[in-house]
Amino acid sequence: MTKAMTDLPPFTEPHVAPRQWDYLRDALENGKLDGNGPYTEQAAAVVRRVTAAAEVLLTPSCTHALEMSAIALDIEPGDEVIVPAFSYAPTACAFALRGAHLVYVDSHPDTLNVRADHIAAAITERTKAIVVLHYAGVPCEMDPIMAIAREHGLAVVEDSAQAFGSTYRGRPTGSFGRFAALSFHATKNVHCAKGGALLVNDQADTDRAKIIQDRGTDRHHYFQGLVKEYQWVELGSSSMLNELLAALLAAQLETFDEVQAIRGHWWNTYDATLPGWAREHGVATPHIPAHTTHSAHLYHLVLPTEDSKSALLDHLAAQGLTATVHYLALHDTPAGRRFGQPGPGGCAVAETLPRRLIRLPMHAGMAADYQRRVIDAVIDFRP
Ligand SMILES: *Cc1c(COP(=O)(O)O)cnc(C)c1O
């Protein structure tokens, strides 16, 4: 018998950092609540160290950071933006908001990351930017993607929401594109309930990014004593992380190495126990290219059919274990169809594989015994 989702344990639980209460109280008592205070600087310094970004602006979400990059790139109606078909709504929505026409490109069947050859084929004289997503924190093939972007003079934006701490050929993800967006949503490895960061990799973009972040005003010039009064100078929004959440984030980031070690252990345990069963039953496990490291954000299985995926979810739920699906291809959604279309290569992989994909539970506070039960239940399942 299948248990209702509401009876099951949560799929993931937000990480708790020991000093988060102290930092939150301190920030609240400090009085500088709206942002850009000492905890913002402390958290941004860690993000700069991990990502090697030239500038880190903390934002209320990854979605805000993506929207800021779309404003900074002057995306306007008539422009085309190439986005991965297999991605989450904000990756695309941020650019559709500026009036862009979205061109969806397909995924590699092994990593589900966007294909460089399909990006190249989708470029027209109207193309303004290329957006990539490092799915599950596994880096995209950045060398060929950056070569294509350079050849056509196009900006690259990395959706690094799941890839904080990942590397491609020894270089951090988020440091390749002109901009990158991180998420510190409660479901991510480290979090501040809801938060994010815009990574600015070209120093020349920093000033404008700060204006866009601060309601389109040059208030940061005012604080630096460069102008007597600040004014509205640009399109922008209110996209600064407040100091309370920055304090929570600073406490979480202090535990980042520890969180990554624990998650890496869960990920490796799945990957040491499941591939034998998977090979025997036509199930795909994650593929990590040799020249990359990943953030251990999630562990997924791609079942042979959509029916066997549903059957495995039911099989786990019947034993009180929570696994879940992930998003479907963007061009397969109502808004995705309205704001864009697949590029010349089509999107066959992105359309079908996610329908057969499940994510296994994994968070820093997960009990080893719970994972053992998940593994036993999966191995016991016959697709
Ligand atoms: C989590 C996530 C986001 C959204 O992050 P928010 O901080 O909630 O805006 C965007 N893209 C991807 C791929 C994500 O996984």
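1. A polar contact here is a pair of N or O atoms within 3.5 Å; within protein, one must be able to donate a hydrogen and the other to accept it, and residues adjacent in sequence count only if both atoms are side-chain atoms. This is a predicted model: local features need pLDDT of at least 70, side-chain atom pairs count only at pLDDT 80 or more, and totals for chains, interfaces and linings use all residues. Residues are numbered from 1 along each chain as its sequence is written, and side-chain values use heavy atoms, with hydrogens and water left out.

2. A polar side-chain atom of lysine 188 lies 3.1 Å from a ligand oxygen atom. Serine 183 has a side-chain N or O atom 2.8 Å from an oxygen atom of the ligand. For aspartate 159, the side-chain N or O atom is 2.9 Å from a ligand nitrogen atom.

3. A pocket is an open set of points on a 1 Å grid over the protein atoms alone, where a 1.4 Å probe fits, with protein on both sides within 12 Å along at least five of seven lines; lining residues have an atom within 4 Å of a point. The domain bounds come from an automatic or database assignment.

4. Second largest pocket. Its volume is about 410 Å³. Of its 21 lining residues, Asn36, Thr40, Leu57, Lys210 and Met240 are closest to the centre.

5. Largest cavity. A cavity differs from a pocket in that the probe fits but cannot get out. The structure has three cavities of 30 Å³ or more. The largest holds about 80 Å³. Its lining includes Gln162, Ser183 and Lys188. Each of domain 1 (20-254) and domain 2 (256-380) supplies at least three residues of that lining.

6. Second largest cavity. Its volume is about 70 Å³. Among the lining residues are Asp110, Trp267, His287, His294 and His300. Both domain 1 (20-254) and domain 2 (256-380) give residues to the lining, so this cavity lies between them.

Notes:
Points joined across faces, edges and corners; volume = space filled by probe spheres on them.
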